[in-house]
Amino acid sequence: AICSLDFVACNKYFYNVYLRQRKLKGYLHPAVGQLSSLKVFDISNNELHGPIPPEVGALSLLERLDLSHNQFTGSLPSNLAHLELMRFFLVASNALNGPLDPELFASWDRIQKVNLSNNHFDGVVPGIASKSLESLDISGNSFTDWAFAPNMGKSLHLIFD
């Protein structure tokens with residue numbers, strides 16, 4: 001069973017996958033979208049490449065997605081906006097590009113930390129309507145403007161350049 005693997009933490013309702021710094025190479029397979037009980041997915045600090053499959057947007061219980069420090073390319077799938085329970089969204093230090101979907105963060109009421117740093121994003125940083133937001137790092141990109149919501153967190157740590 002998947003819960004017997006050393007990198008998976010399970011309880012009877014959901015499971016967390018921790019594959020940080022495992023020297024993984026290759027691409028993220030679309031079958032990841034079938035892990036419907038996934039709450040935490042951390043595959044940071046590996047050598048994964050290619051686009052982030054849109055199937056990730058089907059992980060409706062996902063609260064923490066850490067794809068940082070890989071070599072992912074392309075744009076962020078627009079259906080990531082459906083991940084309404086998202087609290088930590090970390091995609092720093094990849095080769096992601098393009099403008100962000102204006103609705104990307106619209107339903108993320110619980111989001112606490114967003115790290116988009118050191119990619120190739122451009123255009124406008126979409127508004128984030130979460131009162132829980134504590135940290136937003138957009139440094140190392142080519143954003144031209146931002147659309148912040150008026151009810152953002154009171155003690156927001158904003159990093160940009």
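**A tour of the pocket, core and salt bridges**

By class, eleven nonpolar residues, one polar and one charged make up the lining of the largest pocket. The model you have open is a predicted one. Keep that in mind at each stop.

**Stop 1: the pocket**

Select Leu 19, Leu 28, His 29, Val 32 and Phe 41. Of the 13 lining residues, these lie nearest the centre of the largest pocket. The space inside comes to about 200 Å³. Keep Phe 41 selected; the core stop returns to Phe 41.

**Stop 2: the whole chain**

Switch to a cartoon view. The chain has 14 strands and zero helices. Now colour by accessibility. Of the 161 residues, 44% count as buried. Residues 24 or more positions apart account for 37% of them.

**Stop 3: the nonpolar core**

Show side chains for Phe 41, Leu 76, Phe 89, Phe 105, Trp 108, Val 114 and Leu 116. These have the most contacts inside the largest nonpolar core, which has 37 residues. Next, highlight strands S2 (15-18), S4 (38-42) and S11 (120-125). Each of these strands supplies at least two residues of the core.

Centre the view on Phe 89. Which residues is Phe 89 in contact with, leaving aside its neighbours within four places in sequence? Among them are Leu 65, Leu 76 and Leu 80. Phe 105, Trp 108 and Ile 111 are also in contact with Phe 89.

**Stop 4: Arg 20 and Asp 66**

The structure holds four salt bridges. Side chains of opposite charge can pair when their charged atoms come close. Start with Arg 20 and Asp 66. Their closest N and O atoms are 3.8 Å apart. Arg 20 is in the loop between S2 and strand S3 (25-27), and Asp 66 is in strand S6 (residues 64-66). The two are 46 residues apart, so this pair links distant parts of the chain. Asp 66 counts as buried, at 4%.

**Stop 5: a network around Glu 63**

Select Lys 39, Glu 63 and Arg 87. A network of salt bridges links these three. Take the Lys 39 to Glu 63 bridge; the closest N and O atoms are 3.6 Å apart. Lys 39 lies in strand S4 and Glu 63 in the loop between strand S5 (47-51) and S6, so the bridge ties together parts 24 residues apart in sequence.

Now turn to Arg 87 and Glu 63. Here the closest N and O atoms are 2.9 Å apart. Arg 87 is in the loop between strand S7 (71-74) and strand S8 (88-90). Arg 87 and Glu 63 are 24 residues apart.

Glu 63 is buried, with a relative accessible area of 15%. Lys 39 is partly exposed at 22%. Arg 87 is partly exposed at 30%.

**Stop 6: Ser 117**

Finish at Ser 117, in the loop between strand S10 (113-115) and S11. Ser 117 has a relative accessible area of 5%, under the 20% cut-off, and therefore counts as buried. Show what surrounds Ser 117, leaving aside neighbours within four places in sequence. Contacts include Val 91, Ala 92 and Ser 93. Asp 137, Ile 138, Ser 139 and Asn 141 are in contact with Ser 117 as well.

Conventions
Residues numbered from 1 in each chain as written. Predicted model: local features only at pLDDT ≥ 70, side-chain atom pairs only at ≥ 80, totals over all residues. Heavy atoms only, no water. Core = buried A, V, L, I, M, F, W, Y, C linked by side-chain atoms within 4.5 Å. Buried < 20%, exposed > 50% of the residue type's maximum accessible area, 1.4 Å probe, protein only. Helix = DSSP H or I, 4+ residues; strand = E, 2+ residues; numbered from the N terminus. Contact = heavy atoms within 4.5 Å. 1 Å grid on protein atoms, 1.4 Å probe; cavity = no way out; pocket = protein on both sides within 12 Å on 5 of 7 lines; lining within 4 Å. Points joined across faces, edges and corners; volume = space filled by probe spheres on them. Nonpolar A, V, L, I, M, F, W, Y, C, P; charged D, E, K, R; others polar. Salt bridge = Lys/Arg side-chain N within 4 Å of Asp/Glu carboxyl O.
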